[in-house]
Amino acid sequence: MSEPTEAVEMRAALVRLRRATGLPIAFGGLLHDAQRLRIAQLSGAQTSALHGLSICTGNGLGGKSMALSRPCAVTDYREARHISHEYDSAVSTEGLRSVLAVPVVVRRRVRGVLYGALRRPVPLGDRTFDAAVAAARDVEQALVVRDEVQGLLAVAREPVAGRGAWEEVREVHGELRALAPKVADPELRQTLLAVCGRLAEAGVRSDAAPSGGTRRSVQSVGLAPREVDVLACVAAGATNAAAAERLGLRPETVKGYLRAAMRKLGAHTRLEAVVAARRAGVLP
């Protein structure tokens, strides 16, 4: 079973931080309740002293960063007077001296803390601070995407009849398709795409074939994933420019995917392409 998205992104952010700054160690974790986080990801650690350490809001350097919702640093942890010292034993075992802590904040709520440290008592410069803040922003973005995916999946799994019009189903489908490429966790990404497939199949079951028309199978259409993403945006009424912004593509690229999809579907207009994709069970 793959790791959660946030764990994957936290580890990657720590590695990027060390590469950008030359810091010998970086570590971090996410809050598991409103007042406490657990250090679960480490890069460059020489001992296991920090792993699993539970940090309370207000305690130590990380707890201070959580409480203030801003980056904090000390030049010599063991001698610092403006933090509490509940975690001195673990910090000393790892040999840390100069330490910084940057909160991971999503929608004004602290969701975790990312740390970087030296094993000697020297000031950390602006370049190191900027790199740590950038790494924390990467984790924040991953959490935003995860939150959006979970919210949309919850809506998508509700019974269709209880949600009313199919337009809501189609809107959720389009948003899920747009988020899928941004999800780092492969297992979550596959779950998301599987839900998209179920929504599309539900759309096929809900509509009878038009008079004189026949349904084409998904396999026979042969659309590429990005072509389906573009069609989902078009089905929601998006222009090429709007679809490009949602999908993180260039408008010219969107236009190319749309032309390819129309050719495969035998469609001459955007509307015909959407209708044909729905008949084939590609869109709900």
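Me: In this predicted model, what does buried mean?
Reply: Buried means under 20% relative accessible area.

Me: Why is Cys 56 called buried?
Reply: Its relative accessible area is 19%. The limit is under 20%, so Cys 56 counts as buried.

Me: What makes Cys 233 buried or exposed?
Reply: Cys 233 has 0% relative accessibility. That is under 20%, so Cys 233 is buried.

Me: How many aromatic pairs are counted?
Reply: One aromatic pair. The ring centres of Phe 27 and Tyr 115 lie 4.5 Å apart, and the cut-off is within 6.5 Å, so these rings pair.

Me: Why is the pair of Phe 27 and Tyr 115 called stacked?
Reply: The planes meet at 15°. Stacked requires under 30 degrees, so the label holds.

Me: What parts does this pair tie together?
Reply: Phe 27 sits in strand E1 (residues 25-33), and Tyr 115 in strand E6 (residues 109-118). The pair therefore links parts 88 residues apart in sequence. Both Phe 27 and Tyr 115 are buried.

Me: What is the volume of the largest pocket, and which residues are closest to its centre?
Reply: The volume is about 340 Å³. Of 20 lining residues, the closest to the centre are Arg 177, Leu 193, Ala 224, Pro 225 and Val 228.

Me: Which elements give two or more residues to that lining?
Reply: Helix H5 (166-179), helix H6 (186-206) and helix H8 (225-235). H6 gives the largest share, six residues.

Me: What is the lining of the largest pocket by class?
Reply: It has 11 nonpolar, four polar and five charged residues.

Terms used. Residues are numbered from 1 along each chain as its sequence is written. This is a predicted model: local features need pLDDT of at least 70, side-chain atom pairs count only at pLDDT 80 or more; totals for chains, interfaces and linings use all residues. Side-chain values use heavy atoms; hydrogens and water are left out. Rings of Phe, Tyr and Trp (its six-membered ring) pair if their centres lie within 6.5 Å; planes under 30 degrees apart count as stacked, over 60 as edge-to-face and the rest as tilted. Helices (H or I, at least four residues) and strands (E, at least two) are DSSP runs, numbered from the N terminus. Buried means under 20% relative accessible area, exposed over 50%, partly exposed in between (1.4 Å probe, protein chains only). On a 1 Å grid over the protein atoms alone, a cavity is a set of points where a 1.4 Å probe fits but cannot get out, and a pocket is an open set with protein on both sides within 12 Å along at least five of seven lines; lining residues have an atom within 4 Å of a point. Grid points are joined across faces, edges and corners, and a volume is the space filled by probe spheres set on the points. Ala, Val, Leu, Ile, Met, Phe, Trp, Tyr, Cys and Pro count as nonpolar, Asp, Glu, Lys and Arg as charged, and the others, Gly among them, as polar.
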